[in-house]
Amino acid sequence: MPSTLRAVVNARDQLGETPLWCPRTGKVWWLDIERPRLQSFDERTGRHEVFSFDSMFAGSLALHREGGFVAGLDNSLHRFDPATSVLRRIVDVETSGKRTRLNDGRCDSRGRLWIGTMDAEIREPLGSFYRVDPSGSVDWLFNDIIVTNSVAVSPDGRTLYMSDTRRFKIWTFDLDLDYGVLSNRRVFADYSNEQGRPDGACIDSEGCLWNAVFAGHRVIRYTPTGKIDRVIELPVTNPTCVCFGGPDLRTLYITTATKMIAPELLAKEPLAGALLAMDVGVTGLPEAMFGAPV
């Protein structure tokens, strides 16, 4: 175990995901997708809060520029204010009749949300990738996705990353910020012959991509050219996503899951389902927010 690794909250999340640092609240926030609930932790006070949703899944999370969050519940985006627990629908990304749900997403500097759907049963390529503009308009980009993940944007906003976890690959695209267009899709990392598969990701201040390897016991840091720069082994089978947080953005938070772990193995993993944190010696970037820039 890395010497600086610590368990921030051990709620034994079934599918902990999408950690985000919120500078307005000074807290780290994350989801437990299949329960479904939003959680926060304040390291200054030790307070852990939980907000439950009346949905099947809570699959994605983003900061809203006007306050609160954008939560992907089932196939719809909602604005959620933790201070009042008010939940307001923004837009349906896909129809409720499909066997899909929203999964990973991330905002760019223009306030757009890039987000994908997935087969709720994690078997067939039923998912698609979308761009949701600050106005709430939804543009379909492409389909044939089993599980959308690893959505991240480079510091200059010109490269977008995404993966299909069940196809074992992370791709990069050229991103035209002015027009919100993706092009030149190419393979960034291939896990086909590796243990584990790509899950949630984030970008640091040096432009490197950090990827949580589900079923792989590790987090990998890639340079912008796709070279493996660092591998951090973890005492859990299923790390799910990463983000940088803390007032100086120097803490790497890692969500994890108890899902898909045999009971006899789970008994040997006391930190499975915990929110983990460690100092990795590099800073992150402020999280982009949904909504038109002022």
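Start with the largest pocket. It is lined by 24 residues, and Arg106, Leu285, Pro286, Glu287 and Ala288 lie nearest its centre. Its volume is about 450 Å³. A pocket here is an open set of points on a 1 Å grid over the protein atoms alone, with protein on both sides within 12 Å along at least five of seven lines; lining residues have an atom within 4 Å of a point. Grid points are joined across faces, edges and corners, and a volume is the space filled by probe spheres set on the points.

This is a predicted model: local features need pLDDT of at least 70, side-chain atom pairs count only at pLDDT 80 or more, and totals for chains, interfaces and linings use all residues. Residues are numbered from 1 along each chain as its sequence is written, and side-chain values use heavy atoms, with hydrogens and water left out.

Four strands, β2 (16-22), β10, β18 and β22 (239-245), each supply at least two residues of the pocket lining. Strands are DSSP runs (E, at least two residues), numbered from the N terminus. By class, the lining of the largest pocket divides into 17 nonpolar, three polar and four charged residues. Ala, Val, Leu, Ile, Met, Phe, Trp, Tyr, Cys and Pro count as nonpolar, Asp, Glu, Lys and Arg as charged, and the others, Gly among them, as polar.

A cavity is a set of points where a 1.4 Å probe fits but cannot get out. Two cavities of 30 Å³ or more are counted. The largest cavity holds about 190 Å³ of space. Of its 16 lining residues, Leu15, Ile122, Val147, Asn149 and Asp199 are the closest to its centre. Both β10 (100-107) and β18 (197-203) give at least two residues to this lining. Seven of the lining residues are nonpolar, three polar and six charged.

The second largest cavity has a volume of about 40 Å³. Its lining includes Leu61, Ala62 and Leu63, along with Gly105, Arg106 and Cys107. Two or more lining residues come from each of β6 (58-64) and β10. Glu287 and Ala288 also line this cavity. Both residues are among those nearest the centre of the largest pocket.

One last stop is Asp108, in the loop between β10 and β11 (113-119). Why does Asp108 count as buried? Because its relative accessibility is 1%, and buried means under 20% relative accessible area (1.4 Å probe, protein chains only). Not counting residues up to four places away in sequence, Asp108 touches Trp114, Leu177, Ala288 and Met289; contact means heavy atoms within 4.5 Å.

Definitions and conventions:
Buried means under 20% relative accessible area, exposed over 50%, partly exposed in between (1.4 Å probe, protein chains only).
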